[in-house]
Amino acid sequence: MEKKRSINIFLGIILVLVVSCIQEIPSDIRNLDDGEGWLMFDFGTTSPIEITTKDTHDEIVESQIYNFYLLIFDNEGNKMYGQYFDGADPEKYATNLSDFQNASGDCWYVQNMTSSGGQTTGKVKVKASAGSNLKVYMLVNLDADMVKISSDLLSHTIKNETDLKNFSVFMNQTTVARNGYFPMNGSLSNVTIADGNISSPDGTLMLKRLDAKIRFIFKQGDRVDEKGQTITKFEAKQWK
């Protein structure tokens, strides 16, 4: 009887240890198929060039991130992942860091700049095929008024890294209006996604702006040019 009780206690201890080990395994890893891994990385915005115009938004507005398209290419430049992420999609967007960490699927989180001199930062977590020497690209704020770019266009056009490098972005209108969606992009090189695990590359994916604002200064007064002329009035009618 004592021997049977000892065996039962021993088996009970083993069961507790096994259950404990299972609970310690992150749920993210248990959602992987063979040959898959999780990639988790940080991103942020770079400081803009200090140029302002009359019709413009401030640094805080133009540093906000509302959506992005994420592309991952293998070591031969073939697209192995392409997905659109939108802040309006509750299945992929986490409103806080805790929800991001507990998400069981592809997810992102952003802490947008709230004061001048600050920085917009965020995190992305995606499930993709395992591999090494990968390249990650992030194209941000696709709904901008000023450029012709969309998730559908990228999905159908970009098949490999060369397609992306040759991809041209065109202005939507002659007179550029800004809705606060400022296009940016950035990349990470030599990225590894480990099979059956969570991988985080060194460094942060830094986003740079796709277009620039230029300030023209026209002064009027009594000073004459080499032809004896002075500027009395200036009116911008068309930009080419």
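In which strand does N190 lie? N190 lies in strand 9, where strands (E, at least two residues) and helices (H or I, at least four) are DSSP runs numbered from the N terminus. The model is a predicted one, in which local features need pLDDT of at least 70 and side-chain atom pairs count only at pLDDT 80 or more, while totals for chains, interfaces and linings use all residues. Residues are numbered from 1 along each chain as its sequence is written, and side-chain values use heavy atoms, with hydrogens and water left out.

**The whole chain**

Begin with the entire chain in a cartoon view. The chain has five helices and 11 strands. Of its 240 residues, 32% are buried; buried means under 20% relative accessible area, exposed over 50%, and partly exposed in between (1.4 Å probe, protein chains only). Among contacts between residues at least 6 apart in sequence, 70% join residues at least 24 apart, a contact being heavy atoms within 4.5 Å.

**First stop: N190**

Select N190. This residue is exposed, with a relative accessible area of 59%. N190 has a positive phi of about 55°, although it is not a glycine.

**Second stop: the largest nonpolar core**

Next select F41, F43, L70, V124, V136 and M138. These residues have the most contacts inside the largest nonpolar core, which has 24 residues. A nonpolar core is a set of buried Ala, Val, Leu, Ile, Met, Phe, Trp, Tyr and Cys residues joined through side-chain atoms within 4.5 Å. The elements giving two or more residues to this core include strand 1 (36-45), strand 2 (67-73), strand 5 (121-129), strand 6 (131-140) and strand 9 (184-193). Apart from this core lies another, of 12 residues, among them F73, V147, L154 and I158. In soluble globular proteins, nonpolar side chains tend to be buried together.

Keep M138 selected and display its surroundings. Not counting residues up to four places away in sequence, M138 touches F41, F43, F68, Y69, L70, V124, M184, N185, G186, L205 and L207.

Select K135, which lies in strand 6. At 18% relative accessibility, K135 counts as buried. What does its side chain reach? The side chain of K135 makes a polar contact with the side chain of Y137 (3.1 Å), and a polar contact of 3.5 Å joins the side chains of K135 and E161. A polar contact is a pair of N or O atoms within 3.5 Å; within protein, one must be able to donate a hydrogen and the other to accept it, and residues adjacent in sequence count only if both atoms are side-chain atoms. Leaving aside neighbours within four places in sequence, K135 is in contact with L71, I72, F73, E161, S187, L188 and S189.

A search of the whole structure finds one cavity of 30 Å³ or more. On a 1 Å grid over the protein atoms alone, a cavity is a set of points where a 1.4 Å probe fits but cannot get out, and lining residues have an atom within 4 Å of a point. The largest cavity has a volume of about 40 Å³, a volume being the space filled by probe spheres set on the points, which are joined across faces, edges and corners. To find the largest cavity, select its lining: L139, V140, N141, L142, V147, I149, P183, M184 and L210. This lining divides into eight nonpolar residues, one polar and no charged; Ala, Val, Leu, Ile, Met, Phe, Trp, Tyr, Cys and Pro count as nonpolar, Asp, Glu, Lys and Arg as charged, and the others, Gly among them, as polar.

N141 is buried, with a relative accessible area of 0%, and has a positive phi of about 60° although it is not a glycine.

Then select I149, in the loop between strand 7 and helix 4 (151-157). I149 is buried, with a relative accessible area of 8%. Not counting residues up to four places away in sequence, I149 touches L139, L142, L154 and F167.

Select Y109 in strand 4, which is buried at 14% relative accessible area. Its side chain makes a polar contact with the side chain of Q111 (3.1 Å). Finally, select N112, in the loop between strand 4 and strand 5. The side chain of N112 reaches the backbone nitrogen of I65 at 2.8 Å.

Definitions and conventions
1 Å grid on protein atoms, 1.4 Å probe; cavity = no way out; pocket = protein on both sides within 12 Å on 5 of 7 lines; lining within 4 Å.
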